[in-house]
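Colleague: I am new to this structure and would like to learn how to read it. Could we start by looking at it together?

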Amino acid sequence: MSPYNMVGFYFVRGAFTSLCVKTGKRSGLSVTSLWEAATLARIRVQRYSQEFGKNGRGQFVCYHLPHRTLLKIQGQDTSPFLQGIITNDMRLLEEPGCAVMYSHMLNVQGRTLYDILLYSLKETEGGHGVFLECDSMVENSILKHLKIYKIRRKLSISLCPELSVWAVLSRQSSPDQEASKPELSAPEKAVVWEADPRTLQMGWRLVLQSHVDPLEIIASCQKGDTEDYHRHRYSIGLPEGVDDLPPGVALPLESNLVYMHGISFSKGCYIGQELTARTHHTGVIRKRLMPVRFSSPLQQVEEGAALQTQSGKPAGKHRSGVGELGLGLIRTAHAKEVLMLKSSADTSVKLEASMPDWWPKDVKVN
C-alpha cells in the first residue's frame, strides 16, 4: 500500500471512530454520517498531501517548452548518417541504459548551427532511429540541412507536430545532489522520459502526445511558467536555442559543449571537426559563455552588444537574457571584474559573471 493510501486508510478509520464516539453508536451509521466521515477523511488526506508536497523530496515542476520541436529520423542508416554531421558519437546510444544524447551541428567553419538532443526510438516506435529535439525557430532550416546530406541513405525524416516537449525540474535545493527520478503512473504515455544529459540541474526531458497532460502521469507535480524555466537556465548558465547560440556565430568550445557532454574527440571526422579539434588540443579558450547578473533588468539591448570593463577595455559580448539574468560571452581574463553594458537607450548597466557549479571543479578563470 502506498504512503498516501495508507494514510488515507487510517484517516478514514479515525474519522469513522471519531463520529461513532460522538454519536454514542457502534453500528447502524446513516448515509449522511458516512458521507460526513468520508468528507472529513478526504479533507485530512488532502491537507496531508499538501504538507507532504511542500516538505517532501517528491516535488517537481513541469514546464511546457513550445520553443522546442521534434523531428523523427528513422531507418537503418540513421546512425552512420548522423555520425558524420554531429559533434557527439552516435555509438553512445547503442550502449545499455543510454537513450539520450546532447550534441551540436556545425558548419564547415566549425561554428554552431543547431543545438540538439537525440532520443533513441523505443521498440514500439519501430526502433532504428531517433527523435531530434531542436529550437522551433530553425525547424525548417534543420530539415533542409538534413536532407542536403541524406543523399541516398536508407532513412526517412519527418516533423512531429503531434508531440510536445516538457522539462521536469526538482524543487530540491542542493545543485550537486541527484534527485530521484519521479515515477510515472502511466509510463506507456511517455514517448520520451529521460534525464537531461547536459547537467543534473536540468532535471528530465519528457515528450508526450500534445493532448496528454503531464500532471496526469507525474505525482506531486505542478505546472510552471516557461519564463521561469528560462530564468533557471540563465541562472545556472546553460545555453539553449538560437538566442543563446546564434547560428553561424557561436563556437562550440566557447559555448561549453565539453562541459555539457556534447562532443567526442575520438569519434573521427564530422562537419566542422578540424577547427574544433585544433582548438581543443591547443587547450586555449580565451572566452566562455557564462551566466551574468545585471544591476537592473535589461531593456532594449542590441544582439551581441559589447561588454566592457569599468576602465573601458573590451570584455566580451551580451548574448541573451530574461530580466536581470542572462548569458554573456566573457573574456576569461575579465571574468571576475564588474563589467558594463550600454543599452540602446544610451544608459549603462553593471553586470557580474559567475562560474557555474556544474562545471568541472578544476576549471579556472583568471
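Predicted model: local features only at pLDDT ≥ 70, side-chain atom pairs only at ≥ 80, totals over all residues.

Colleague: How do the strands of a sheet hold together?

Modeller: Strands of a sheet pair through backbone hydrogen bonds, in a parallel or an antiparallel way. Here an open sheet of five strands runs in the order β8-β9-β7-β1-β10, and its pairing is mixed.

Colleague: Which strands stand at the edges?

Modeller: Those are β8 (190-195) and β10 (221-224). Each has a single partner strand, so one side of each has no neighbour in the sheet. From one strand to the next, the twist averages 25 degrees.

Colleague: In which sense do β8 and β9 pair?

Modeller: The sense is antiparallel, with five bridges between β8 and strand β9 (residues 204-209). For E194, the bridge partner in β9 is R205.

Colleague: Which helix lies across β1, β7, β9 and β10?

Modeller: Helix α5 (residues 226-236) does, and it runs at about 105 degrees to β1.

Colleague: Now the cavity. How is empty space found?

Modeller: A probe the size of a water molecule is rolled over the atoms, and this shows where empty space is left. In this model the count is one cavity of 30 Å³ or more, with a volume of about 30 Å³ for the largest cavity.

Colleague: Which residues line the largest cavity?

Modeller: The lining consists of L113, Y114, D115, D135, V138, G241, V242 and L245. Five of the lining residues are nonpolar, one is polar and two are charged. Strand β4 (residues 112-120) contributes the most to this lining, with three residues.

Methods. Residues numbered from 1 in each chain as written. Heavy atoms only, no water. 1 Å grid on protein atoms, 1.4 Å probe; cavity = no way out; pocket = protein on both sides within 12 Å on 5 of 7 lines; lining within 4 Å. Points joined across faces, edges and corners; volume = space filled by probe spheres on them. Helix = DSSP H or I, 4+ residues; strand = E, 2+ residues; numbered from the N terminus. Nonpolar A, V, L, I, M, F, W, Y, C, P; charged D, E, K, R; others polar. Pairing = 2+ DSSP bridges. Axes fitted to C-alpha atoms, helices over the stretch in contact; angles between N-to-C directions. Contact = heavy atoms within 4.5 Å.
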